[in-house]
Amino acid sequence: MADSSASPSEPGIVQSPLVDDTNPSPILAEGMQQEMHPLTAQAFSALPLLGSHVAPLIESQLGGKCYRTIVLDLAITDSPCLQLLISKALGFGIVIFGSMVKVPQILKLLSSRRVSGVSFTSYLLEAIASSIFVAYNARNNNPFSTFGESAFINIQNLIIMALICLLKGRYYGMATITVMWAILNATLLYNDVLSLPALEILSGAVIPLSLFSKVPQIMAIAKVGHVRNLSSLTIAAYFAGSLARVYTTLQEVDDKIILASFVLTSFLNLVLVAQVSYYKFIRPRKMEKQLSEVAAEAEDDAKNPKVAPSKSKKSKKLD
């Protein structure tokens with residue numbers, strides 16, 4: 001799902017030029033229903049909540065110009081506004097599904113009761129990056145929708161790290177990591193402990209931490225040679241989320257550094273997807289094919305046994 005290496009709330013991100021908040025809400029204008037597309041007017045009449053609650057929310061995201069084009073006029077062929085609509089929809093999808101992206105991995109560990117191939121270091125680095133990212137956005141009063149999934153992912157990372165310690169029998173380690181996680185987040189969130197300028201400096205480490213967090217997991221899979229204890233759904237969701245972030249960044253963000261970070265993250269997530277595909281699907285088929293070939297050779301040997309030369313024939317040759 002989405003990595004916490006960047007978000008529309010980070011420094012350097014500018015609002016899309018298509019989003020124009022200077023225009024008042026057209027839905028509230030008197031007599032506007034006459035200027036709507038007939039289908040839009042019917043929808044607002046049949047479902048008043050659309051006009052009173054949903055429409056203002058959509059307008060706040062698309063801006064007055066694209067809101068009128070897409071919603072009121074139903075001109076969905078308008079390319080710039082359509083691209084903005086897709087980008088916004090993907091962004092909200094990342095927040096919603098990103099808040100649950102690690103749940104399949106948690107369930108996988110609980111069912112298998114094994115942690116071979118699961119990198120504790122990978123989750124630790126990601127938890128640190130998520131903690132900094134969430135604290136930075138929260139203390140800058142940014143909308144929760146711009147970093148909400150990272151807050152949920154941060155909690156899920158803690159659960160996974162605690163489970164790894166528990167399943168390895170390291171009970172003191174489980175207690176230690178929980179306490180350290182709580183202290184870290186409390187330190188980052190409260191201004192009395194850590195000043196905002198200091199937090200802004202720390203926020204520069206979010207992108208490299210998020211990128212490097214993928215490397216230990218890739219190495220762990222290569223070392224054990226299997227992905228039995230990893231959730232394919234979580235890894236696939238992370239890859240899809242990183243690709244979606246590349247698209248939303250291209251549409252809404254004018255920052256090449258953030259774009260490059262998502263491109264690199266997508267590449268590393270692609271490596272993880274390739275590893276899962278190989279060890280879960282390709283390698284078993286190769287082994288099955290090899291076993292079937294060995295079984296076929298054994299069957300041929302059983303049907304056509306090779307008769308060893310008799311002792312008398314050997315002795316004649318020697319004579």
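**Note on a predicted model: cavity, pocket and helices**

1. The largest cavity holds about 200 Å³ of space. A search of the whole structure, which is a predicted model, turns up one cavity of 30 Å³ or more. Helix 5, helix 10 (214–224), helix 11 (232–252) and helix 12 are the elements that give two or more residues to the lining of the largest cavity.

2. By class, the lining of the largest cavity divides into five nonpolar, six polar and three charged residues.

3. Ser-119 sits in the loop between helix 4 (103–112) and helix 5 (120–139). Is Ser-119 buried or exposed? Its relative accessible area is 7%, and the cut-off for buried is under 20%, so Ser-119 counts as buried. The side chain of Ser-119 reaches the backbone nitrogen of Ser-122 at 3.1 Å. Leaving aside residues up to four places away in sequence, Ser-119 touches Pro-216, Gln-217 and Ala-220.

4. Sorted by class, the lining of the second largest pocket has five nonpolar, three polar and four charged residues.

5. Helix 3 (residues 79–98) has 20 residues, and the distance from its first C-alpha to its last is 27 Å, close to the 28 Å expected at 1.5 Å a residue. Buried residues in helix 3 include Cys-81, Leu-84, Ser-87, Lys-88, Gly-91, Ile-94, Val-95 and Gly-98. When reading such a list, recall that an α-helix has 3.6 residues a turn, so residues three or four places apart point the same way.

6. Helix 6 (residues 148–167) also has 20 residues, which should span 28 Å at 1.5 Å a residue; its end C-alpha atoms are 29 Å apart, which agrees. How many of the residues of helix 6 are buried? The count is 15 of the 20, so helix 6 is largely enclosed by the rest of the structure. After helix 6 comes Gly-169, with a positive phi near 80°.

Terms used
Residues numbered from 1 in each chain as written. Predicted model: local features only at pLDDT ≥ 70, side-chain atom pairs only at ≥ 80, totals over all residues. Heavy atoms only, no water. Helix = DSSP H or I, 4+ residues; strand = E, 2+ residues; numbered from the N terminus. Buried < 20%, exposed > 50% of the residue type's maximum accessible area, 1.4 Å probe, protein only. Polar contact = N/O pair within 3.5 Å; in protein donor to acceptor, adjacent residues only side chain to side chain. Contact = heavy atoms within 4.5 Å. Expected span 1.5 Å × (residues − 1). Nonpolar A, V, L, I, M, F, W, Y, C, P; charged D, E, K, R; others polar. 1 Å grid on protein atoms, 1.4 Å probe; cavity = no way out; pocket = protein on both sides within 12 Å on 5 of 7 lines; lining within 4 Å. Points joined across faces, edges and corners; volume = space filled by probe spheres on them.
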